[in-house]
Amino acid sequence: MVSHLVNTIRNVVGITGNVIALFLFLSPVPTFIRIWKKGSVEQFSPVPYLATLVNCIVWVIYGLPMVHPNSVLVITINAAGTAIEVVFLTLFLIFCHDKKKRLKVLLIIMVELIFMAALATLILTVLHTTQRRSIIVGIIAILFNVMMYAAPLSVMKLVITTKSVEYMPFFLSLASFANGVAWTTYAFLPFDPFIAVPNGVGTIFSLAQLLLYATYYKSTKRIIAARKEAKMEMHLSLSEVAVANGDVDPKKTAGATP
């Protein structure tokens, strides 16, 4: 009776974790809409998406019945996450105008795919019990999951340096925190250290990002407002110079000036 209740709660938490994780994977959509409109990746980093891609693939391998039985909910969300990250990275490559940076991202993707293919092959051919397979893949999954949660640390450094959270998407941090809490809870029903450890660490990292966002939110607003004001002043100055030089009709300039 107790075991049945625990399994029911575990499934409910797992489904909730799937929904939250889906929001986590989709949270960069506003960022990529901005990239699409501007036609450039600007200062956005590909690191979080590269880390999430390899993390999702390794968890798909971990959830396979021949590796870690009864982990369907682990497979479903991470398979969806893999597909989503492929789309994001494709868009990043399209709108990245720095050839060296684009090549670097492509090479990292290739290395990740080759490594995952080699891992799956070795695990399924060399190890012959699900317990051993779970341990090896689980340890690797912990490393990559912590990397995924820690990936925004590079962006956090930029935030502290510039005192602006403009390039640290809020919804990504919020979704990461909720996802960490949900999967940490799931890992205790029953206890699975390979899920508990990385998601517990991820919860702490995500909380740090949210605190950083709260700290620099107001200064970001001021920086963006100052930038817009500077652009407007520059536009007015150029218009005045053009009028003074007789290059532009003053009436047209006045009509065009907001």
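Mentor: Happy to. Keep in mind that this is a predicted model. Let's begin with Ile61, which is part of helix 3, residues 47-63.

Trainee: Is Ile61 buried or exposed?

Mentor: Ile61 is buried, because its relative accessible area is 7%, and the cut-off for buried is under 20%.

Trainee: And which residues is Ile61 in contact with, leaving aside its neighbours within four places in sequence?

Mentor: Ile61 touches Val67, Met116, Leu119, Ala120 and Val137.

Trainee: Okay, zooming out. At what angle do helix 3 and helix 5 pack?

Mentor: The angle is about 10°, and the axes of helix 3 and helix 5 (residues 99-126) are 10 Å apart. Helix 3 and helix 5 are therefore roughly parallel to each other, since angles under 35 degrees fall in that class.

Trainee: Which residues meet there, between helix 3 and helix 5?

Mentor: From helix 3 you have Leu50, Ala51, Leu53, Val54, Ile57, Val58 and our friend Ile61. On the helix 5 side they meet Val105, Ile108, Ile109, Glu112, Leu113, Met116, Leu119 and Ala120.

Trainee: How does the contact of helix 3 with helix 5 split by class?

Mentor: It has 14 nonpolar residues, no polar ones and 1 charged.

Trainee: Nice. Changing topic, how many salt bridges does the structure hold?

Mentor: There are 2 salt bridges. In one, the side chains of Arg34 and Glu42 come together at 3.0 Å, N to O. In the other, Lys38 pairs with Glu42 at 3.9 Å, again N to O.

Trainee: How accessible are Arg34, Lys38 and Glu42?

Mentor: Lys38 counts as exposed because its relative accessibility is 52%, with the cut-off at over 50%. Glu42, at 28%, is partly exposed, and Arg34 is partly exposed too, with 23%.

Trainee: Great, thanks for the tour!

How values were computed
Residues numbered from 1 in each chain as written. Predicted model: local features only at pLDDT ≥ 70, side-chain atom pairs only at ≥ 80, totals over all residues. Heavy atoms only, no water. Salt bridge = Lys/Arg side-chain N within 4 Å of Asp/Glu carboxyl O. Buried < 20%, exposed > 50% of the residue type's maximum accessible area, 1.4 Å probe, protein only. Helix = DSSP H or I, 4+ residues; strand = E, 2+ residues; numbered from the N terminus. Contact = heavy atoms within 4.5 Å. Axes fitted to C-alpha atoms, helices over the stretch in contact; angles between N-to-C directions. Parallel < 35°, antiparallel > 145°, perpendicular 65-115°, else oblique. Nonpolar A, V, L, I, M, F, W, Y, C, P; charged D, E, K, R; others polar.
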